[in-house]
Every structure is written in structure tokens, then in C-alpha cells.
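Here are a few exercises to work through with the model open in your viewer. Try each one before you read its solution.

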Amino acid sequence: MKFKAFLTENGVNLLEKRFLPALDKMGKICHLYFTRDHAIFLHNLLNGDGIQSVAQFRKEALFDDYRISSQNEDRIAFAIDVSLLHRAVRSSVSICTEFGSGSTEKNRLQIKLVKKLPPNSTQPMPFLTFETKGYKSAVIQDVPISKPLSRAQLLELQTALDMAQDLPQTLVQVPDLNQLQSFVDRMKHVGDLLNVTISKYGDLHLQISTTMITLGAEFRKLLVIGDKVDSPAEDRNLSAQSRSTRAVLKGDAQSVQVSVRHFAKSLQYHLAKPDCAFYGIAPQGACLTVIFQFFIPGSRQMDKSISLHCRLPVLDPGSN
Amino acid sequence: MNRTAAAAAALESEAPDLVCQLDNVQGMVDALTAVRWKRHQDAVIELSEHGIVLIVEETACLQAKVYLQRELFVRYEYSAQGRPRFGVSLGLFVDCLNTFSVPGHSSTIEIQYPGPDMQLLLKSVDSLDAGIYAEIRTRIPDTISWDYNFEPAGSAPLTFTVKSAALKEAIDDLEWPGSSIQVTLQPVPPTVTFRGDGHGDLQIDFMYYANADLLMAFHCDHQVSHRYKYKFLKATTSNIPGSVIKDNRGSKLTIGRGGMLKVQHLVSVARSSIPHPHIDSAGYQHPSRIAYIEFFVKPEEDEDTEND
């Protein structure tokens with residue numbers, strides 16, 4: 001089992017400034033999964049009832065000189081502490097910039113999988129090692145990782161990953177992630193359960209309802225991807241709640257209930273600076289899916305080398 | 001949901017008691033937060049043609065009122081007979097209002113009472129394609145357990161006005177001795193004294209001539225002294241809004257008959273407190289756009305020095 005690659009400058013920027021801070025909010029521990037072509041950060045895919053999150057990078061987006069080999073179709077996965085990984089990348093960057101000026105050859109940041117004997121231990125442990133070679137010195141940082149997943153565990157992870165790829169039939173684009181976040185942050189003082197209704201008309205309706213209070217927000221005329229229908233003219237003067245109920249009854253909308261905390265967490269992905277975000281409900285109301293898109297810098301074209309999405313567990317099948 | 005729609009239609013024939021609009025939600029949040037001294041508090045709201053009054057009280061020893069006069073509202077349509085009163089959870093009401101005041105988003109809200117199920121209804125009114133709404137369940141209010149009729153102690157008022165920030169600081173400092181705090185006003189030399197005896201003792205004096213910038217006004221013709229429970233005094237300043245300190249406002253304290261202490265704060269509900277792109281004459285504050293907050297604190301009963 002071997003893995004060795006050089007992080008590109010762009011890759012370091014993506015991870016250090018954008019993705020690792022966002023992934024860290026999603027959960028302390030994630031699986032890092034390398035294949036021949038991709039590096040994938042996975043949260044909660046094998047275990048747990050939390051938000052499932054998948055951040056996938058084509059190898060060229062992060063690395064050059066990427067070498068991987070294993071007896072399991074060149075696939076390697078292990079669990080890693082995101083905040084430690086972030087710290088290692090961050091300090092490698094500061095070493096590069098500190099010692100890098102002046103040297104003719106560009107500093108390169110190499111990461112590789114190693115097995116080492118840690119101090120005060122008799123058993124070798126696996127690490128993801130960051131090696132920064134300066135002009136005259138080298139700095140090595142070892143980030144502890146779990147034992148690489150066994151063939152069976154890896155198969156399980158791959159299956160879970162394949163299952164997490166199904167797209168909702170209707171996706172609506174959220175106009176302003178920051179605004180939605182500050183709204184949800186305030187809303188979560190009022191209750192724990194959030195009803196989310198998404199219609200083919202392009203309406204996103206969020207509502208917390210307890211015995212004491214009903215608090216909701218409706219965003220209308222959003223951009224729709226997938227199944228869409230023109231909104232009925234007679235619905236225009238109704239309240240948000242009746243509009244949603246009617247749309248669900250007509251089969252033009254789906255509604256699910258999720259944890260407000262999960263919803264607020266999904267909005268933390270604004271730290272990864274996505275260019276747009278879409279919400280949709282998976283078939284049969286299986287989960288609430290959030291898909292983030294990234295554009296190729298300076299264009300409105302989707303950057304297909306990066307993909308990020310998460311799935312919020314549904315607490316109640318809701319009304320379909 | 002259908003029930004709501006049907007009831008809404010039924011209600012159209014009859015105007016609600018109150019429909020009003022406010023363009024500065026944050027100001028209202030600030031004012032109501034000032035009387036939120038613990039997590040779960042029941043409040044009574046009273047509506048009238050003059051505005052909205054919110055009342056909270058605790059164990060018949062402390063009462064607070066927030067006066068939101070009709071001048072604070074951009075629209076105020078009152079059509080009730082008498083003065084409707086209802087109970088709400090203060091915490092829920094404030095948290096809910098706070099949701100409407102998202103930064104970077106102008107926040108005009110409409111408040112209506114009652115809804116089809118006697119709820120308090122709130123909704124944002126400034127955007128067609130993004131709207132926030134809320135329905136808060138109301139209760140039949142408890143009767144106010146004791147009468148806070150505040151009467152002057154004598155012919156001349158016993159009162160002083162102190163910078164709100166200094167008052168808060170003094171009361172915060174008195175936390176250390178804790179328990180009960182003696183408040184003394186004496187005419188010569190004109191002085192206000194806060195004294196705490198508990199774990200050690202601490203005395204804070206505001207001298208009218210020495211601290212004219214802190215003690216802005218002082219009226220007292222005879223020495224008067226009463227003790228108040230620290231936790232009630234603390235409640236009067238614990239959540240004083242940042243805008244009050246920033247605007248460098250004063251708080252007025254008056255001792256009334258039987259030693260009842262009245263503490264008054266002024267909270268700005270002017271729109272200019274939130275930077276807003278449509279305001280060209282920045283800084284201008286309409287004098288009427290102030291919410292008045294009053295606390296009434298009963299003295300400790302074992303203190304029978306004054307019997308007027």
C-alpha cells in the first residue's frame with residue numbers, strides 16, 4: 001500500500017483557506033479516501049445519523065505527481081482528524097512562505113502515507129506525513145490516521161458513497177447563503193425541528209412549528225434545476241403555509257422535517273466559498289440534499305473537478 | 001392549514017384589534033431585551049390607541065414595563081374597544097422578533113393581533129419573493145398580583161438621573177457583597193450612596209458636585225434610605241441594550257411612597273441606529289422614536305425606617 005503526491009499551490013489554497021475550515025465544522029473526524037483519480041473527504045457515511053457529507057476532488061485539482069497503489073484496485077481510505085490535517089497544511093504553508101523566498105527552486109509540499117514507530121511505543125502506527133523541503137532544510141509533520149480500511153470496510157464505504165449520489169428531482173437555488181445562515185442561526189432559538197418544503201415552482205419554505213410558535217420563511221421564484229412547473233396564478237395571494245400545503249397536495253412539492261442544527265451546519269459550507277448552492281429533497285423524502293457548485297475562476301462555468309454535497313437525515317418521512 | 005385559511009377568510013369581515021408596522025425591529029428587540037432578566041418569563045401585552053405596553057414581573061417584588069408608543073410605528077391601526085390584554089412568553093417573542101432583523105436586509109415588519117386563533121401574527125413586508133412570518137400563541141393573562149401604583153414619597157420628588165453606563169457599572173460592582181443593597185439619598189452634600197453588606201461591604205457614592213458628568217440631576221430635600229434585594233436591582237440593568245450605553249443616555253431613579261424604587265431607561269427605536277442605504281440625513285433622530293422602559297422595585301420589608 002503506497003500513496004505519495006505533491007500538493008499543488010492551488011490545491012493547498014483550496015484545502016487550507018476553504019475546504020478544511022468548512023469540513024472541520026461538519027465533524028472532527030472524516031474518512032479520507034484516495035482512488036486512482038480522486039481524493040474524497042467523507043463524513044458520516046459509514047456510521048451515525050449525522051449529516052453525510054461528500055467533498056470530492058479530481059486528483060489534478062489538488063495534486064501533481066500523484067502515485068497510489070494498493071492491492072484493492074489502488075484504493076486507500078482511512079479516518080483522519082480534520083483539524084489536525086488543517087493545522088499541518090497551514091503550518092506547511094507558513095514554512096513554505098517563510099523559507100521559500102530566495103530559493104530558486106519552488107518549495108514543494110509532499111504528502112505520503114507512512115508507518116512509523118511513535119515515541120514510547122513498540123508498535124508502528126500509520127501517519128499521513130507532510131514534508132516541506134526548503135533550500136537547506138526540510139520540515140516533516142506527521143498527522144496520525146486510523147489503520148487503513150480493510151477490503152470489506154472499503155467496499156462498504158464505496159457502496160455508501162454510490163448510494164449517496166442519487167439526485168433529487170427538483171433542486172432550487174438558494175440566492176444568498178450568508179443571509180439564509182444568519183436567518184437560521186436566529187431561528188434555531190425558537191425550536192429544534194425544521195420543516196423544509198421545496199416545490200417545482202421554485203419555492204423554498206422553511207418552518208419551525210411548536211405548540212407555542214410557528215416561525216417560517218419563504219423564498220420564492222428561485223432558479224429550478226430538474227422538474228419544474230409554473231406556479232398556479234391563484235396561489236399568489238395565499239399565505240406561505242397554504243401555498244405549501246396546496247403544492248404538496250397537488251404533488252408539486254415535497255416536504256421533510258430535519259434538525260435545525262443540521263440545517264445550520266449545512267450552511268457552514270459557505271466557508272468553502274461555493275459559487276452557488278441548491279437544495280432538494282431526495283426521492284421518497286429520503287433526505288434533504290444540498291449541492292454546492294464551484295465555478296472555474298473568472299467564469300460562470302462549472303468546475304467539474306470539485307464536487308461537494310451533503311445529505312441531511314430526515315427525522316420524519318413528512319407528507320409526500 | 002385549511003383551518004387557518006378558512007378562519008382568515010372569516011376574519012376578513014372584522015378588523016383585528018391592532019395592525020401596526022415597524023421599520024426598526026432591532027430597536028424593539030433592544031427594548032424588550034432590557035426587561036429580560038431570566039430565560040423563561042411570562043409577559044403581558046396591553047394594547048391601546050396610544051401604543052403597546054409590555055409588562056413582566058417577578059414574585060410580587062419587581063415589575064418592568066416597556067412602552068412602545070404609537071409614534072414608533074410607521075403605521076398603527078387600532079380598532080379595539082377597551083384595552084385588549086394577552087400573555088406571551090417574553091423569550092419566545094424576543095427570539096422570534098430577532099429572526100426578522102437579519103443584518104443587511106431592511107426589516108419592516110407588520111404585527112397583528114389577534115389572529116384566527118388569538119395568536120400574535122408577525123410578518124415581514126418589504127420583499128415579495130422572500131418573506132418571514134410568525135404566529136405566537138397567546139395566553140389569557142394572569143392578573144397582576146400587586147398594584148404598582150407609584151406615588152411620590154412627599155411633596156418634593158426624591159429623584160436623580162445617572163449615566164446608564166455608570167449605573168450599570170455600579171450595580172455590577174455590588175455583586176460582590178451581594179444580598180441586599182442600601183440606597184441612600186442625602187441633600188447635604190447632595191449624594192447618592194449604594195451600599196452592600198454581605199461578603200464584606202462595598203459602598204459606592206455618587207456626589208452631585210464631584211461627579212456632575214455622571215450624576216446629571218439630583219432632587220432630594222430630606223435624607224431617605226431603603227434596602228433592595230441585589231438580584232432585583234441587578235435585573236434593572238443586566239440587559240440594558242448596547243445602544244443606550246453608546247448613545248450615552250442617562251437613567252432616572254425615583255424613590256416613591258413606601259420606598260418603592262422606579263428606574264427609567266430610554267431606548268432608541270430610531271431607524272438610523274441601523275445603517276441603511278436609503279437614509280440620506282444620517283444621524284437625525286426623531287425625538288419621539290424612543291421606547292420608555294420602567295422598572296419598579298419594592299424595598300425589603302424588614303426595613304421600616306420610613307413610614308409615610
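**Exercise 1.** This is a predicted model. Find the bridge partner of Thr197(A) in E15(A).

*Solution.* Go to E15(A): the partner of Thr197(A) there is Ser255(A). Now widen the view to the two strands. Strand E11 (residues 193–199) of chain A is joined to E15(A) by seven bridges, and the two run antiparallel.

**Exercise 2.** Work out which strands stand at the edges of the open sheet of nine strands.

*Solution.* Start by writing down the order, which is E15(A)-E11(A)-E12(A)-E13(A)-E9(B)-E8(B)-E7(B)-E1(B)-E5(B), with antiparallel pairing. Next, look at the ends: E15 (253–259) of chain A and E5 (75–78) of chain B each have a single partner strand, so one side of each has no neighbour in the sheet. While you're there, note that the twist averages 15 degrees from one strand to the next.

**Exercise 3.** Compare how helices H5 and H6 of chain A run relative to E12(A).

*Solution.* Take H5 (residues 177–187) first: its direction makes about 15 degrees with that of E12(A). H5 of chain A touches E11, E12 and E13 of chain A, plus E9 of chain B. Then turn to H6 (residues 240–249), which runs at about 110 degrees to E12(A). H6 of chain A lies across E11, E12, E13 and E15 of chain A as well as E9 of chain B.

**Exercise 4.** Classify the ring pair Phe86(B) and Tyr113(B).

*Solution.* The centres are 3.9 Å apart and the planes make 20 degrees, so call the pair stacked. Both residues, Phe86(B) and Tyr113(B), are buried.

How values were computed:
Residues numbered from 1 in each chain as written. Chains lettered and ligands numbered in written order. Predicted model: local features only at pLDDT ≥ 70, side-chain atom pairs only at ≥ 80, totals over all residues. Heavy atoms only, no water. Phe/Tyr/Trp six-rings, centres within 6.5 Å; stacked < 30°, edge-to-face > 60°. Buried < 20%, exposed > 50% of the residue type's maximum accessible area, 1.4 Å probe, protein only. Pairing = 2+ DSSP bridges. Helix = DSSP H or I, 4+ residues; strand = E, 2+ residues; numbered from the N terminus. Axes fitted to C-alpha atoms, helices over the stretch in contact; angles between N-to-C directions. Contact = heavy atoms within 4.5 Å.
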